[in-house]
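Visitor: I would like to go through this model with you. Please give the cut-off behind each term.

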Amino acid sequence: ELDGRFDGLTALSDGSFRHKPRGQFTSIRENQFGLSNTVQITERRFTLDITISDQGQALDILNQIASTFRGVLVYSTGQLTLAVDLPDELPVAMFNEANIKDGSFQLSGIKESEIITAVDVSYIEPTNHYRRETIRIDTAENNDGIEKSSIENLVTLDLIGVTRRSQALRYAHYQIAASQYLRRRVQFTTSIEAINLAPGD
C-alpha cells in the first residue's frame, strides 16, 4: 500500500510504531517508545520480520513468506507464478458452453462440518521478549458465550515473521471468511485458448 504516498488501513496501536513510515514520527519520544495501546493509527496491511537461519527447500521458504500476505508461489511449466488474493480484481477470461468441453463440467462443494468456525493464530510479540503468543478468533454464531467449549472446527495457524497482533487478527478473520464464503469448486476441460491463464486468474 505504498503508491507514492502512505495509504494504510485503520488499526489499533499495539504499543509500538516501529512499522510507521520513515519521517512520519511526530516526536522523538514517539519514535523511541511508540504509542499506547488502543490508540487509532494507520498502519501497513502487511509487514514481515523474519530471520532465515536454517537450510530448506527454496520454494517452501518462499511460500512461507508469501503466505504472510495471502500469496502463494506456483511452479508450472518451468516457471514460477505469484498468485495473491487481491481485492477488486477483474476477470481475465470467460468460459461458457462455447469453450467448455461437453460432459467435463463438475461442480462440487464442502461439507458444513468442514467450515472453519475458530482459528488459533500464533505470532511473535516484541513487547513480551519476542515470545510466541496465541490468540483465538471464532464466529459469533458458533460460540456466542452460552457454551464456551462448543467450537466445532478449530484450526491452528503458526505465522512466521508476523510481529503485530493486528496483522495476526486480520489473518485469522480472513481464514474464517474464506472457509465460509469460498465453498464451491468448478472443474472443467477447455481448449488451448486457456493456455495464457496463470494460477490465480
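Visitor: What makes the contact between the side chains of Glu112 and Arg183 a salt bridge?

Guide: First, the basis. This is a predicted model, where local features need pLDDT of at least 70, side-chain atom pairs count only at pLDDT 80 or more, and totals for chains, interfaces and linings use all residues. Residues are numbered from 1 along each chain as its sequence is written, and side-chain values use heavy atoms, with hydrogens and water left out. A salt bridge needs a side-chain nitrogen of Lys or Arg within 4 Å of a carboxyl oxygen of Asp or Glu. Glu112 and Arg183 have N to O at 2.8 Å, so the pair counts.

Visitor: Why is Glu112 called exposed?

Guide: Buried means under 20% relative accessible area, exposed over 50%, partly exposed in between (1.4 Å probe, protein chains only). Glu112 has 56%, so it is exposed. Arg183 has 31%, so it is partly exposed.

Visitor: What makes Asp120 buried?

Guide: Its relative accessibility is 13%, so Asp120 falls in the buried class. Its salt-bridge partner is Arg136, with the closest N and O atoms 2.7 Å apart. Arg136, at 43%, is partly exposed.

Visitor: How do you know that Asp158 and Arg132 form a salt bridge?

Guide: Their closest N and O atoms are 3.0 Å apart, so the pair meets the cut-off. Asp158 is exposed at 54%. Arg132 is partly exposed at 39%.

Visitor: How many salt bridges does a search of the whole structure find?

Guide: Three.
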